[in-house]
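Please read this report with the model open beside you.

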Amino acid sequence: MAKYKSLLTRYEGNPIFRPEDFPFCRADQVFNPGQVMTPDGRTILLLSVMPITGGGARCHVAESTDGLHFTIHKEPLFSTQNTAFPNFDGHPIDCRVTYFPEEDCYYIIRPGNGPDNGPVSLLYRTKDFITAEPIDIISLPTNRVPCLFPEKIDGQYVRLDRPYNCATATYSASMAHIWLSRSPDLIHWGEHRLVLRRGHVPWTSDKLGPTPPIKTEKGWLEIFHGVQNCFSSWRYSVGAMLLDLENPEKVLGVMKSYLLTPETEYEYHGVVPDTIFTTGAVVDWKTRKLRIYYGAADTSIGLAEGDVDEVVDWCLKGI
């Protein structure tokens, strides 16, 4: 594949997490990390881990003071053995994490298994990433990726959804668009509005999905993944759009180019080839550096960095 102009630079030490380096079990996959920065500047990742030896998926917390060197908690935050939703929680991966300053806590949304394998969404709250309080199942199947805004807007909680019909439709007929919804209490959701259709840019022709929005001076920066059928495989790439601060269902601009698309060996080859997938992004506001920790081929974790203001500018210009 030809090189393309990107606003992000891959960390030279990628992958920063590999299955063979995971210390607490023989892992087949360490991938798709939830990510957030704490008020004191630490980077927290929620690692999706699939053991070779069985026992089901689990989620381990990793934390860092520099965003590069991490300490992994030995005990998983989530596993199939310690779940509050025993009939709906067979695969604890792909966490979305939002810090909510107004309540000084972190909300975690992650997929659960619904009837006929249609995924639902499970909501948790934590203050320390040592324990997580279960709140409720907050979406019907099939909606596995709600992403919470980090503050109330007009007195309501707001989230981005990606409902889709995976059980009975192909990707091309799955209606996998990004929507917005609102809630008074994080449990009851409504006022649904369509935000961005799959196919708005060509590399999202089969589906796309959101991450927790990031507040900037010019709008909500939304990093999303897009899926394109490349015949030999589906290619997962990452892009960005900007939403209005006061009315986030209004799109101010969408990047037409990639932020990242597979172009390295560790992104091409793995359990799910040709895949860059992120469940979030973080910003160091002292340096204005955007960091995206991403799953590479659903096998390892890479890091890419860039200037947050350049990304916002490209969204507004539709580059």
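In what sense do strand 12 and strand 13 pair, and over how many bridges? Strand 12 (residues 157-161) and strand 13 pair in the antiparallel sense, over five bridges. Two strands count as paired if DSSP finds at least two bridges between them. Strands (E, at least two residues) and helices (H or I, at least four) are DSSP runs, numbered from the N terminus.

This is a predicted model, in which local features need pLDDT of at least 70 and side-chain atom pairs count only at pLDDT 80 or more, while totals for chains, interfaces and linings use all residues. Residues are numbered from 1 along each chain as its sequence is written, and side-chain values use heavy atoms, with hydrogens and water left out.

Strand 13 covers residues 178-183. Leu 180 in strand 13 is the bridge partner of Leu 160.

Strand 13 also pairs with strand 14 (residues 190-196), in the antiparallel sense over four bridges. Here Trp 179 has Leu 194, in strand 14, as its bridge partner. The hairpin of strand 13 and strand 14 has six residues between the strands. In that hairpin, Leu 186 takes a positive phi near 75 degrees. In a regular strand, side chains alternate between the two faces of the sheet.

## Cysteines

How many disulfides does the structure hold? It holds zero. A disulfide is a pair of cysteine sulfur atoms within 2.5 Å. The sulfur of Cys 95 has its closest cysteine sulfur in Cys 59, 3.9 Å away, so the gap is too far for a bond. Cys 95 is buried, with a relative accessible area of 1%. Cys 147 is in no disulfide either; its nearest cysteine sulfur, that of Cys 95, is 11 Å away. Cys 147 counts as buried because its relative accessibility is 0%.

## Aromatic rings and charges

A pair of aromatic rings is described by the distance of the centres and the angle of the planes. Rings of Phe, Tyr and Trp (its six-membered ring) pair if their centres lie within 6.5 Å; planes under 30 degrees apart count as stacked, over 60 as edge-to-face and the rest as tilted. The count comes to 13 aromatic pairs. Two of them are listed here.

| Pair | Centre to centre | Angle between planes | Type |
|---|---|---|---|
| Phe 17 and Phe 70 | 5.4 Å | 55 degrees | tilted |
| Tyr 236 and Phe 277 | 6.1 Å | 65 degrees | edge-to-face |

The pair of Phe 17 and Phe 70 links distant parts of the chain, 53 residues apart. Phe 17 lies in the loop between strand 1 (9-10) and strand 2 (27-37). Phe 70 lies in the loop between strand 4 (58-64) and strand 5 (71-72). Phe 17 and Phe 70 are both buried. Ring pairs link Phe 17, Phe 70 and Tyr 293 into a cluster.

The pair of Tyr 236 and Phe 277 also links distant parts of the chain, 41 residues apart. Tyr 236 is in strand 18 (residues 234-243) and Phe 277 in strand 20 (residues 276-277). Both residues are buried.

The rule asks for NZ of Lys or CZ of Arg within 6 Å of the ring centre and within 35 degrees of the ring normal. The charged end of Arg 159 sits over the ring of Trp 189, 4.3 Å from its centre. The charged end of Arg 162 sits over the ring of Tyr 164, 4.3 Å from its centre.

## Backbone details

Pro 15 is in the loop between strand 1 and strand 2. Another joins Pro 141 and Thr 142, with omega about 5 degrees. Thr 142 is in the loop between strand 10 (133-139) and strand 11 (147-148).

Asp 274 has a positive phi, near 60 degrees, and is not a glycine. Asp 274 lies in the loop between helix 1 (265-268) and strand 20. Asp 274 counts as buried, at 13% relative accessibility.

## The largest pocket

The largest pocket has a volume of about 700 Å³. On a 1 Å grid over the protein atoms alone, a pocket is an open set of points where a 1.4 Å probe fits, with protein on both sides within 12 Å along at least five of seven lines; lining residues have an atom within 4 Å of a point. Grid points are joined across faces, edges and corners, and the volume is the space filled by probe spheres set on the points. Of the 27 lining residues, the closest to the centre are Val 36, Met 37, Thr 38, Val 283 and Trp 285.

Methods:
Buried means under 20% relative accessible area, exposed over 50%, partly exposed in between (1.4 Å probe, protein chains only).
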